[in-house]
Amino acid sequence: MIIRGHELGAALYYFAVRSLINIGGLPEPTTTFEITFQMSNFFIGVFVFSSLIGQMRDVIGAATAGQTYFRASMDGCVAYMNTNRIPKMVQNRVKTWYNYTWTAQGMLDESELLDKMPLVMRTAIAVDINLATFQKIDLFKGCDQQMLVDMLLRLKSIIYLPGDFVVKKGDIGKEMYIIKSGAVQVVGGPDNSIVFVTLKAGCVFGEISLLQSAKDGGNRRTANVKAHGFANLFVLEKKDLFDILIHYPESQKVLARKGRKLTKAKAAPAKTDAKKEEKPKGAFLFDTKPPTPKLLKVFGRLKKN
Ligand SMILES: Nc1ncnc2c1ncn2[C@@H]1O[C@@H]2COP(=O)(O)O[C@H]2[C@H]1O
């Protein structure tokens, strides 16, 4: 039998393709037409098969994208801590935070997701999730509803590990907290062994120093607050609160009034171990009226006489 050049080429190419895609047990094609036909079958099969595999890879990849992101973030952080020789104890706390945060909310930073959305959607989500909780908070009762919505949009979510100090007595208050889930304890005394109160989901703390002016150290934390178990908190920064209050003078008055009452009621246990010579903290959101200059007083007296 005489084998022509192009037939030999086709046969060799056929065997090469067949070996590559690993198909056996087929009747051997003999003519160029049969070889071409079989090869077309192979190629169509390979194309369909590979696109199926590709789609499966995409589906699996999409389903595990979150996990991959989480792993990459945590690995990056661990590598950073190792490079900087961070003590093992701290490293373990950081890893616990990563794992707990991921399990609790399925993401490390909610704001990454929300910031990408248009305002109207962020508002709808924030109102749906948190407005009802906020309306029940005593501190905000009597405040404008729209002010509460504005506040919801500025909240950041943060998780504290068991025993973490959220605020320390004497520090300057730059944010207040609302407990989303879990609990915190207001503690004091030697080794912070006295628990003044345990605050649970829906409670507010850190508001006293926030609602006061810096006059006479009024903006200092009145007590230590530490996480009792894992505590998932909303944080509202002082700057954000004040930016909002500018637009709601009535709510500003309500909060200032409540701030004054709270200081009297809550700061009491904190004062027990405070130094006696410390001045009482009484300056609030709006500074008290400055004293009348002496010269004016003299004029006033002259007028009366
Ligand atoms: N007796 C108390 N009951 C409830 N909360 C308190 C008490 N004492 C202090 N706090 C809270 O602990 C916080 C410590 O920081 P601030 O002073 O900013 O605000 C304080 C209050 O929110």
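An oxygen atom of the ligand is placed 2.9 Å from a side-chain N or O atom of arginine 221, a polar contact in the sense of a pair of N or O atoms within 3.5 Å. The protein buries 94% of the 460 Å² that the ligand exposes when taken alone, areas being computed by the Shrake-Rupley method with a 1.4 Å probe. The model is predicted, with pLDDT of at least 70 required for local features and 80 or more for side-chain atom pairs, whereas totals for chains, interfaces and linings use all residues. Residues are numbered from 1 along each chain as its sequence is written, and side-chain values use heavy atoms, with hydrogens and water left out.

A polar side-chain atom of serine 209 is found 2.5 Å from a ligand oxygen atom, and a backbone N or O atom of isoleucine 208 lies 3.5 Å from an oxygen atom of the ligand.

Glutamate 175 belongs to strand E3 and arginine 221 to the loop between strand E5 (204-205) and E6, so the pair ties together parts that are 46 residues apart in sequence; helices (H or I, at least four residues) and strands (E, at least two) are DSSP runs numbered from the N terminus. Arginine 221 is buried at 5% relative accessibility, while glutamate 175 is partly exposed at 23%. Buried denotes under 20% relative accessible area, exposed over 50%, and partly exposed the range in between (1.4 Å probe, protein chains only).

In total, the structure holds ten salt bridges, each defined by a side-chain nitrogen of Lys or Arg within 4 Å of a carboxyl oxygen of Asp or Glu. One of them joins aspartate 240 and arginine 154, with an N to O distance of 3.2 Å. This pair links distant parts of the chain, 86 residues apart, with aspartate 240 in helix H8 (residues 238-245) and arginine 154 in helix H7 (residues 145-154). Aspartate 240 is buried at 11% relative accessibility, whereas arginine 154 is partly exposed at 32%. Lysine 156 forms a salt bridge with glutamate 237, at 3.6 Å between the closest N and O atoms. Because lysine 156 lies in strand E1 (residues 156-160) and glutamate 237 in strand E6 (residues 224-237), the pair ties together parts that are 81 residues apart in sequence.

Two loop residues have positive phi values. Most residues other than glycine have a negative phi. Arginine 85, in the loop between helix H3 (65-83) and helix H4 (88-105), has a phi near 50°. Aspartate 191, in the loop between strand E3 (175-188) and strand E4 (194-200), has a phi of about 55°. Arginine 85 is exposed, with a relative accessible area of 75%, and aspartate 191 is likewise exposed, at 75%.

Definitions and conventions: Polar contact = N/O pair within 3.5 Å; in protein donor to acceptor, adjacent residues only side chain to side chain.
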